[in-house]
Amino acid sequence: MRLFTKYCAVFVISLGSITACTPDEPEVTYASTYPVSGEWWVTYQVESAPGVYEDVGHGYSKLLTFNTSADDGDSVWVSDEENFWEFKIKAAVDMETYEFSTEESANAFYDSKVIVQNGKVLLKEGRSTSGVVTDSIYFEVSFDDDTPAYGTTYIVSGVRRTGFLEDEH
């Protein structure tokens, strides 16, 4: 019985020391291009008449923006993950204004060139499908393998992926 009492005492003391410890909050570090970097749900539209826009994609599709391996805050990759035009290009980024663009950037998916203009991430200016306030993204893109080359400007806009099931598309 004495041995059982000792084990109980050791258990209670151990349990008390475990629960008395408060874990340190992990330090979150972001890439140099955050908050431009992210996972987005976007649509692709064209202006069919002045002020009238038509969806030309497949509704919402996933788009990624992410830092380069240099992680120097000067450029980001923009990739549609082969969901719309199959493009992945490197664009210059201004981390003071969260703007990005490129002139005839080489497409990493296949031999073509892509122009991105007026790219911008707007903090807390978007609403997900479920109504959650999140960041929004906007840019205009055109392709040299379109007919005619760079002849159509596609308007890309959407919101940062929240991770909530009701916001998945």
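Predicted model: local features only at pLDDT ≥ 70, side-chain atom pairs only at ≥ 80, totals over all residues.

Reader: Thanks! Which residue does Glu39 form a salt bridge with?

Author: That would be Arg161, with the closest N and O atoms 3.4 Å apart. Glu39 lies in strand 1 and Arg161 in the segment after strand 9, so this pair ties together parts that are 122 residues apart in sequence. A salt bridge here is a side-chain nitrogen of Lys or Arg within 4 Å of a carboxyl oxygen of Asp or Glu. Strands (E, at least two residues) and helices (H or I, at least four) are DSSP runs, numbered from the N terminus.

Reader: What else does Arg161 meet in a salt bridge?

Author: Its side chain also meets that of Glu168, at 2.9 Å from N to O. Arg161 and Glu168 are each partly exposed: Arg161 has a relative accessible area of 29%, and Glu168 has 29%. Glu39, Lys62, Arg161 and Glu168 are linked in a network of salt bridges.

Reader: How many salt bridges does the structure hold?

Author: Five. Another one of them joins the side chains of Glu99 and Lys120, at 3.8 Å from N to O. Glu99 lies in strand 6 (residues 99-106) and Lys120 in strand 7 (residues 113-127), so the pair ties together parts that are 21 residues apart in sequence.

Reader: New topic! Is Glu140 buried or exposed?

Author: Glu140 is buried, yet it has no salt bridge. The nearest side chain of opposite charge, Lys120, is 13 Å away. For charge, Lys and Arg count as positive and Asp and Glu as negative, while His and the chain ends are not counted.

Reader: Which side chain does Glu140 have a polar contact with, then?

Author: Asn118, at 2.8 Å. A polar contact is a pair of N or O atoms within 3.5 Å; within protein, one must be able to donate a hydrogen and the other to accept it, and residues adjacent in sequence count only if both atoms are side-chain atoms. Glu140 sits in strand 8 (residues 133-143), and the residues it touches (heavy atoms within 4.5 Å) include Ile115, Tyr154 and Ile155.

Reader: Back to strand 1: which strands does it pair with?

Author: Strand 1 (residues 38-49) runs antiparallel to strand 3 (residues 61-67), joined by five bridges. Strand 1 also pairs in the antiparallel sense with strand 9 (residues 154-160) over six bridges and with strand 2 (residues 52-55) over four. Two strands pair if DSSP finds at least two bridges between them.

Reader: How many residues are there between strand 1 and strand 2 in their hairpin?

Author: Two, and Gly51 in the turn has a positive phi of about 80°. Ala49 stands opposite Val52 in strand 2.

Methods. Residues numbered from 1 in each chain as written. Heavy atoms only, no water. Buried < 20%, exposed > 50% of the residue type's maximum accessible area, 1.4 Å probe, protein only. Lists of a residue's contacts leave out its neighbours within four places in sequence.
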